[in-house]
Amino acid sequence: TLQDRLNAAFKSLRGKGRLSEADIDATCREIRIALLEADVNLSVVKEFVAAVKERTLGAELSGALNPTQQIVKIVDEELVTILGGETRTIRWAKKPPTVIMLAGLQGAGKTTLAGKLGRWLREQGHSPLLVAADLQRPNAVKQLQVVGEQAGVHVYAPEPGNGVGDPVLVARRAMYHASQKLYDVIVVDTAGRLGIDAELMQQAAKIKAEVRPNETLFVVDAMIGQDAVNTAKAFAEGVGFDGVVLTKLDGDARGGAALSIAKVTGRPIMFASNGEKLGDFDVFHPDRMASRILGMGDMLTLIEQAEKTFDAEQSAKAAAKLTSKGGGDFGLADFLQQMQMVRKMGPLSKIFGMLPGMGDMKEQISNIDEREVDRIEAIIQSMTPAERDDPKILNGSRRARIARGAGVEVSDVNNLVSRFMDARKMMSQLATGGMPGMPGMPGM
Ligand code: GDP
Ligand code: MG
């Protein structure tokens with residue numbers, strides 16, 4: 001999947017301090033393959049990768065993030081941009097009713113969506129009316145009536161023996177009915193076909209001309225992948241629409257269609273459906289979809305928090321100490337400072353859980369004992385500054401005194417000191433890579 005690929009691509013970068021152009025090229029190749037495998041449209045992929053590469057080459061190295069994290073951040077930002085940036089909601093009519101028309105292929109999920117929208121609108125204090133303008137399939141009107149009932153909203157349906165066959169006429173009457181009964185939002189369900197079809201487009205265009213919607217929503221099944229792009233183009237030309245609703249996202253873990261459609265149509269994705277039940281529905285959030293595509297939502301949270309809590313000056317000092325003299329200048333006081341900085345980001349088990357690749361280490365993560373970290377803090381705080389600077393002077397009596405002060409056993413002090421020495425050796429070797437400000441954590 002896209003997520004696995006990107007994870008693999010980023011993994012190979014992990015631990016690198018600075019990225020060469022070759023590194024960036026290699027990563028971009030992986031991103032390209034990943035997106036193509038996720039069924040993203042080729043021209044979309046090309047443009048996307050070019051944008052990421054350009055930004056990565058020009059990026060200033062940020063103190064708070066290592067290069068891998070920077071690329072993840074850039075990829076994420078580009079995804080969000082393509083997906084529409086800000087969440088876009090319905091543009092309400094200045095003078096009600098607001099008219100929302102649904103268009104799309106048969107089976108896309110329009111009728112189900114009408115029910116979902118109806119419920120969602122009602123929950124927001126609107127009084128919506130669903131209009132059955134799909135007279136194509138024998139059961140279509142009944143289906144809308146059923147979802148309308150489930151949603152607790154009214155449905156306008158053609159009455160038997162009363163201009164039944166003409167959806168434009170039904171739409172016109174529904175508009176009149178709504179103005180009489182003071183509904184403030186009208187959701188017009190229309191007919192679809194199995195494939196792109198000129199007659200269908202004409203019918204939808206006629207209904208659109210009749211009801212003059214504030215929002216025409218193109219409803220598309222996310223699982224149809226590449227085909228979604230052609231379908232979207234055909235509807236853009238044949239009917240025209242203002243926004244997109246992606247349905248059946250529950251069946252498409254990859255999100256490739258979302259990316260293609262948003263980019264190709266230039267129209268915002270406004271809602272997402274992810275199940276058959278009326279509640280399986282939400283406003284579309286570009287940022288959430290981007291992290292879903294990346295499969296790194298948690299990593300992104302971590303990046304955000306790292307940027308927020310990162311003390312550049314302090315970390316630069318610590319890094320300098322680690323890189324000189326085999327790390328000999330990096331003392332327990334620095335260790336404590338770094339540890340506290342990391343802790344500010346949140347519970348350790350959560351932070352480690354957010355690192356990519358750590359998913360395989362669930363058990364170890366749950367074993368990180370916050371109390372042990374508290375104990376370590378207490379031990380270091382019981383040391384004199386000289387002891388913190390140079391743990392080598394810690395003889396038996398000093399260790400006993402520290403243990404008493406911290407309320408721990410001498411063996412705990414011994415343990416910490418020897419682990420600190422090991423960690424320092426390792427960190428000084430890795431000092432240029434990895435996560436800045438991330439000390440070798442106890443228990444890992
Ligand atoms: P329409 O022809 O565009 O009106 O599509 P329908 O609303 O009749 O939906 C077609 C089928 O897709 C029905 O069986 C729905 O239950 C199902 N469906 C609609 N939306 C979703 C969704 O978000 N997820 C899943 N899994 N099924 C959906
Ligand atoms: Mg339908």
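This is a predicted model: local features need pLDDT of at least 70, side-chain atom pairs count only at pLDDT 80 or more; totals for chains, interfaces and linings use all residues.
1. As for the overall division, the protein chain is split into domain 1 (2-86), domain 2 (98-284) and domain 3 (312-430). Where domain 1 meets domain 2, nine residues of domain 1 are in contact with 14 residues of domain 2. On the side of domain 1 that touches domain 2, the residues comprise six nonpolar, two polar and one charged.

2. A helix pair to examine is that of helix 7 (residues 167-181) and helix 8 (residues 198-211), whose axes are 9 Å apart and which pack at an angle of about 20°. Because angles under 35 degrees count as roughly parallel, helix 7 and helix 8 are described as roughly parallel to each other. The crossing in which helix 7 passes helix 8 is right-handed. On the helix 7 side the contact is made by P167, V168, A171, R172 and M175, while helix 8 supplies Q203, K206, I207, E210 and V211. Taken by class, the residues of this contact between helix 7 and helix 8 are six nonpolar, one polar and three charged.

3. A further pair is formed by helix 9 (residues 227-238) and helix 10 (residues 256-265), whose axes come within 9 Å and cross at roughly 30°. It follows from this angle that helix 9 and helix 10 are, therefore, roughly parallel to each other, and their crossing is right-handed. The residues that make the contact are A228, V229, A232, K233 and A236 from helix 9, together with A257, S260, I261, V264 and T265 from helix 10. In terms of class, the contact of helix 9 with helix 10 holds seven nonpolar, two polar and one charged residues.

4. Another is the contact of helix 7 with helix 8, where the three charged residues can be viewed alongside the six nonpolar ones.

How values were computed:
Residues are numbered from 1 along each chain as its sequence is written. Chains are lettered from A and ligands numbered from 1 in the order in which they are written. Domain bounds come from an automatic or database domain assignment. Two residues are in contact if their C-beta atoms, placed from the backbone, lie within 7 Å. Ala, Val, Leu, Ile, Met, Phe, Trp, Tyr, Cys and Pro count as nonpolar, Asp, Glu, Lys and Arg as charged, and the others, Gly among them, as polar. Axes are lines fitted to C-alpha atoms, for helices over the stretch in contact, and angles run from 0 to 180 degrees between N-to-C directions. Helices (H or I, at least four residues) and strands (E, at least two) are DSSP runs, numbered from the N terminus. Angles under 35 degrees count as roughly parallel, over 145 as roughly antiparallel, 65 to 115 as roughly perpendicular and the rest as oblique. A crossing is left-handed if the near helix is turned anticlockwise from the far one by less than a right angle, and right-handed if clockwise.
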